[in-house]
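Open the model in your viewer and keep the selection tool at hand. This tour moves from one selection to the next and says what is there.

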Amino acid sequence: MKKDISNSEDVEFLVNQFYDLVVNDELIGPFFNNVANVNWDEHLPHMVQFWETVLLGKATFEGWPMRTHLVLNKKASLKEEHFERWIEYWYKVLDENFEGPVALEAKNRAKIMRDLILFKIEQQKTQNIIQ
Ligand code: HEM
């Protein structure tokens with residue numbers, strides 16, 4: 001039986017495995033490598049902070065994820081297929097390594113975020129807003 005996500009080391013492992021897949025993916029890797037020019041030394045710890053805030057109640061994350069993706073979408077159109085690929089990798093790494101209520105919550109929260117961002121992207125088209 002696999003363990004559930006229960007501490008910052010688990011989240012760090014999850015995030016590192018996940019972005020290893022993302023960065024090498026032909027469809028979504030370019031958003032990180034070419035469009036946003038992500039500094040991975042900063043982005044990875046930042047994402048660990050996000051997920052430990054969401055999943056472990058740590059409150060270490062400071063950021064504005066909705067705005068970040070809307071700004072990104074202005075530079076290169078973010079589509080449903082990009083989110084599907086993102087979710088596919090997220091599920092893959094979760095399923096291969098963890099099981100339990102927190103791992104399930106990680107899946108659900110990603111899907112909620114996907115739906116919210118896609119909704120805002122649609123709104124952005126008609127209202128020409130960033131956030
Ligand atoms: C649906 C699930 C997703 C979740 C939960 C998620 C979560 C996040 C979070 C929390 C951040 C940090 C935001 C901040 O600092 O305020 C971020 C940044 C980023 N996300 Fe996402 N994201 C998702 C989907 C995607 C997709 C589909 C793409 C592109 C294909 C993407 C590309 C990026 C990039 C490039 C950044 C960094 C931007 C920068 O540093 O300038 N994300 N994401």
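How many nonpolar, polar and charged residues does the shell around the ligand have? By class, 14 are nonpolar, six are polar and one is charged. Keep in mind from here on that this is a predicted model.

**Stop 1: the ligand**

Select the ligand and its surroundings. The ligand is surrounded by 21 residues.

Now colour by helix. Five helices each supply at least two residues of this shell: H2 (29–35), H3 (40–56), H4 (65–75), H5 (80–97) and H6 (101–127). Which helix gives the largest share? Pick H4, which contributes four residues.

**Stop 2: the whole chain**

Zoom out and show the protein as a cartoon. You will find six helices and zero strands. Read from the N terminus, the order of elements is α-α-α-α-α-α. The radius of gyration is 15 Å, close to the 14 Å that the globule rule gives for 131 residues, so the protein is as compact as a globular protein of that length.

Turn the model along its principal axes. The C-alpha atoms fill a box of roughly 45 × 25 × 25 Å. Of the 131 residues, 18% are buried.

How far along the sequence do contacts reach? Take contacts between residues at least 6 apart in sequence: 73% of them join residues at least 24 apart.

Colour by confidence next. The mean pLDDT of the protein is 95. A value of 70 or more is reached by 97% of the residues. For the complex, the predictor gives an ipTM of 0.94 and a pTM of 0.95.

**Stop 3: the core**

Select Val11, Leu14, Val15, Phe18 and Leu94. They belong to the largest nonpolar core, which has 18 residues, and they touch the most other members. Helix H1 (8–23), H3, H5 and H6 each give two or more residues to this core.

Stay on Leu94. Which residues does Leu94 touch, not counting those up to four places away in sequence? Leu14, Ala103, Ala106 and Lys107.

**Stop 4: the N-terminal segment**

Is Lys3 buried or exposed? Lys3 counts as exposed, because it has 12 C-beta neighbours inside 10 Å and the cut-off for exposed is 12 or fewer. Draw a distance from Lys3 to Ala103. These two are 100 residues apart along the chain, yet their C-alpha atoms are separated by 9.2 Å.

Asp4 has 16 C-beta neighbours inside 10 Å, so Asp4 counts as partly exposed. Show the contacts of Asp4, leaving aside its neighbours within four places in sequence. The list is Phe98, Glu99, Gly100, Pro101, Val102 and Ala103. Then draw a line from Asp4 to Glu122. They are 118 residues apart in sequence and 35 Å apart in space, C-alpha to C-alpha.

**Stop 5: the loop between H5 and H6**

Select Glu99, which lies in the loop between H5 and H6. Glu99 is partly exposed, because 14 other C-beta atoms lie within 10 Å. Which residues is Glu99 in contact with, beyond four places in sequence? Lys2 and Asp4. Check the distance to Lys2: the two C-alpha atoms are separated by 5.6 Å, although the residues are 97 apart along the chain.

**Stop 6: two positive phi angles**

Go to the loop between H2 and H3 and pick Asn37. Its phi is positive, about 50°, although Asn37 is not a glycine. Is Asn37 buried or exposed? Asn37 counts as exposed, because it has 7 C-beta neighbours inside 10 Å.

Move on to the loop between H3 and H4, where Ala59 is placed. Ala59 is another residue other than glycine with a positive phi, here near 60°. With 9 other C-beta atoms within 10 Å, Ala59 is exposed.

**Last look**

Methods: Residues are numbered from 1 along each chain as its sequence is written. This is a predicted model: local features need pLDDT of at least 70, side-chain atom pairs count only at pLDDT 80 or more; totals for chains, interfaces and linings use all residues. A residue is near a molecule or strand if its C-beta atom, placed from the backbone, lies within 6 Å of it. Ala, Val, Leu, Ile, Met, Phe, Trp, Tyr, Cys and Pro count as nonpolar, Asp, Glu, Lys and Arg as charged, and the others, Gly among them, as polar. A residue is buried if 20 or more other C-beta atoms lie within 10 Å of its own, exposed if 12 or fewer, and partly exposed in between; C-beta atoms are placed from the backbone. The radius of gyration is taken over C-alpha atoms; the globule rule is 2.2 Å times the number of residues to the power 0.38. Two residues are in contact if their C-beta atoms, placed from the backbone, lie within 7 Å. A nonpolar core is a set of buried Ala, Val, Leu, Ile, Met, Phe, Trp, Tyr and Cys residues joined through C-beta atoms within 7 Å. pLDDT is the predictor's confidence in each residue, from 0 to 100.
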